[in-house]
Amino acid sequence: MAVKMIRDVIRDTIDEEMARDDSVIMLGEDIVGGNGSAGGPEAIGGIWGTSGGLWAKYGADRVIDTPISESAIIGAAAGAALTGKRAIAEIMFADFIGVCMDQIWNQVAKFRYMFGGKSRCPIVIRMPYGGGYNAAPQHSQAIHQFVTAMPGLKVVMPSTPADTKGLLTQAIRDDDPVIFLEHKFLYAVKGEVPDGDYMIPFGHARQVTQGDDITILATGMMVGMAEQAAKALAQDGVGCDLLDLRTTSPLDEEAILDSVERTGRLLIVDEAPPRCGLATDLSALVAQKAFASLKAPIEMVTPPHSPVPFARELESAYLPSPDRIAASAARLLSYRRG
């Protein structure tokens, strides 16, 4: 298997799917990367470096640079998908989803339902998300709780290069709309990637570490932080059952409940604020379906209910960390019923 960075896996996977299927198109702001600038076409391969070489290989009819208008990007992608294309739309920052919410929430997510199953909308909306770059509140948010709450959307959050290939291939070939969330801090992460055709079905969590003392749930960049905490806890003899959820919709409820029923303790790590978020949703699921198995109250490690800070020190304090995760695990283990 080749070793690649996640940004290269994304480009190569799109390349493979565009070569395999002529109906696959890509569109977004600056995805040609410098077209019209002093650097020339594809000078940088998009601001995240995930589309270099595609414009030269497939042409302007399939790799479409758009104006700075997120609502137009999603509207055009949805129209193309409804009329026979498989559209990959790139939103430069997930924070900008707000200006195209009507197209996503009221249109794309509902086409199959509103037309009685006679219509399909094969669109993948790729969005870089997350903090850690001191990029201020409008360029650092984790927005998965919004899209996970919308019926009709599938939501994917890969954390490894191999999963990125398997899940993105699945997303492009899916006949329903998929929100594909790429954490900005993970683009440079390297790892082995399977060769050839490789797909991971949605709704199947990945077992990162195995243990019988605590269940830890995480997605995206939080998986790596939780893994660091799990390794530190292992040195003290604590076994962590760490699950990378991979997709928040559909959700692998069976894996979550099986793990909690075995360990009796649940720790959820999430980058989004806690109110009405993924962590609270998972807490409710376990409280409803596996309450009798719990040996201690559910712990959540999340940012506070606050916008993402700009200052480096404040953002560092805002985001979950391996130390905070380990400290929450210690509270779980020391809990005793009164």
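Is aspartate 15 buried or exposed? At 19% relative accessibility, aspartate 15 counts as buried, where buried stands for under 20% relative accessible area, exposed for over 50% and partly exposed for what falls in between (1.4 Å probe, protein chains only). The model is a predicted one, in which local features need pLDDT of at least 70 and side-chain atom pairs count only at pLDDT 80 or more, while totals for chains, interfaces and linings use all residues. Residues are numbered from 1 along each chain as its sequence is written, and side-chain values use heavy atoms, with hydrogens and water left out.

Aspartate 15 also has a charged partner. Lysine 57 forms a salt bridge with aspartate 15, with 3.1 Å between the closest N and O atoms; a salt bridge here is a side-chain nitrogen of Lys or Arg within 4 Å of a carboxyl oxygen of Asp or Glu. This pair links distant parts of the chain, as lysine 57 sits in helix H2 (residues 54-58) and aspartate 15 in helix H1, 42 residues apart. Helices (H or I, at least four residues) and strands (E, at least two) are DSSP runs, numbered from the N terminus.

Helix H1 (residues 6-20) holds another pair, aspartate 8 and arginine 11, which are about one helical turn apart because three residues separate them in the helix. Their salt bridge has its closest N and O atoms 3.3 Å apart. Aspartate 8 is buried at 19% relative accessibility, whereas arginine 11 is partly exposed, with a relative accessible area of 23%.

A further salt bridge joins the side chains of lysine 154 and aspartate 174 (3.0 Å, N to O). Lysine 154 belongs to strand S6 and aspartate 174 to the loop between H7 and strand S7 (178-183), so this pair ties together parts 20 residues apart in sequence. Lysine 154 is partly exposed at 22% relative accessibility, and aspartate 174 is buried at 8%. Salt bridges with shared partners also join Lys4, Asp8, Arg11 and Asp12 into one network. The structure holds 24 salt bridges.

Attention now turns to the two domains. The domain assignment of the protein chain gives domain 1 (2-193) and domain 2 (206-334), with bounds that come from an automatic or database domain assignment. Their C-alpha centres lie 27 Å apart. Across the boundary, 27 residues of domain 1 are in contact with 25 residues of domain 2, contact being heavy atoms within 4.5 Å. The size of an interface is often given as the accessible area lost when the parts come together. Between domain 1 and domain 2, the buried area is about 2000 Å², and carbon and sulfur atoms give 54% of it; this area is the accessible area (1.4 Å probe) that two parts lose on being put together, summed over both. Asn134, Gln145 and Met157 supply 28% of the area that domain 1 buries against domain 2, more than any other three residues.

Two salt bridges are counted between domain 1 and domain 2. Aspartate 163 and arginine 206 form a salt bridge as well, with closest N and O atoms 3.5 Å apart. On the side of domain 1 that touches domain 2, helix H6 (144-148), strand S6 (154-156) and helix H7 (161-173) each supply at least two residues.

Two buried residues complete the picture. Glutamate 90, in strand S4 (residues 86-90), is buried with a relative accessible area of 3%. Its side chain makes a polar contact with the side chain of arginine 126 (2.8 Å). Beyond neighbours within four places in sequence, the contacts of glutamate 90 include Met26, Trp48 and Ile73. Alanine 229, in helix H8 (residues 221-234), is likewise buried, at 1% relative accessibility. With neighbours within four places in sequence left aside, alanine 229 is in contact with Pro322, Ile325 and Ala326.

How values were computed: A polar contact is a pair of N or O atoms within 3.5 Å; within protein, one must be able to donate a hydrogen and the other to accept it, and residues adjacent in sequence count only if both atoms are side-chain atoms.
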